[in-house]
Amino acid sequence: MPRKHGVKRRSECPLNASVEMLGDRWSLLIIRDMMLRGFRTYKEFLECYEGIATNILADRLQKLVAYGIITSKADPADGRKVIYSLTAKGIDLAPVLTEMVLWAAAHEETGNEALVRLMKADKEKFLAGVRERLLGRVRG
């Protein structure tokens, strides 16, 4: 898969490429909010309970678009707003984020026990539901 023009990586290691695209907590939390909470607007991301700063949010959204993980388009109902959506590349991160959630829940005290139970009960069914919901948005 060709890399984006103008992107210079520190090494050719695939893990390094992943870390450079997703290695900060804000990018992962934005993707989480899109996958699990259905967030699509700047305002929704800004109101997440982790409290992202406006300049950080703008930067991370721009980077995620540049890496082809999300897309942005003008809201047809209000041209001043931008709607963000996960691309197929972004949707492919669902199993990765699921494993990160399960890993953290196994090793740390975390919240959202209902989500963890749902993931543990039938991971494939959980991921199929996430994909179905998100792909419906990509097509719709």
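Predicted model: local features only at pLDDT ≥ 70, side-chain atom pairs only at ≥ 80, totals over all residues.
Let's start with the helix pair. Two packed helices are described by the angle between their axes and the distance between the axes. Here the partners are H2 and H6, and H6 covers residues 94-107. Their angle is about 105°. Their axes lie 11 Å apart. An angle from 65 to 115 degrees counts as roughly perpendicular, so H2 is roughly perpendicular to H6.

Which residues meet there? From H2 come Leu28, Ile31, Arg32 and Met35. From H6 come Ala94, Leu97 and Met100. Sort the residues of this contact by type, and you get six nonpolar, no polar and one charged.

Next, helix H7, residues 113-121. Which of its residues are buried? Leu115, Val116 and Met119 are. Now look down the axis of H7. The buried residues fall within an arc of 100°, so they line one face of the helix. Turn to the other side of H7, and Arg117, Leu118 and Ala121 are exposed.

Last stop: threonine 41. Where is it? Threonine 41 sits in the loop that runs between helix H2, residues 25-36, and helix H3, residues 42-46. Is threonine 41 buried or exposed? Its relative accessible area is 18%. The cut-off for buried is under 20%, so threonine 41 counts as buried. What does threonine 41 touch? Leaving aside residues up to four places away in sequence, threonine 41 touches Val82 and Ile83.

Key:
Residues numbered from 1 in each chain as written. Heavy atoms only, no water. Helix = DSSP H or I, 4+ residues; strand = E, 2+ residues; numbered from the N terminus. Buried < 20%, exposed > 50% of the residue type's maximum accessible area, 1.4 Å probe, protein only. Contact = heavy atoms within 4.5 Å. Arc of directions from axis to C-beta. Axes fitted to C-alpha atoms, helices over the stretch in contact; angles between N-to-C directions. Parallel < 35°, antiparallel > 145°, perpendicular 65-115°, else oblique. Nonpolar A, V, L, I, M, F, W, Y, C, P; charged D, E, K, R; others polar.
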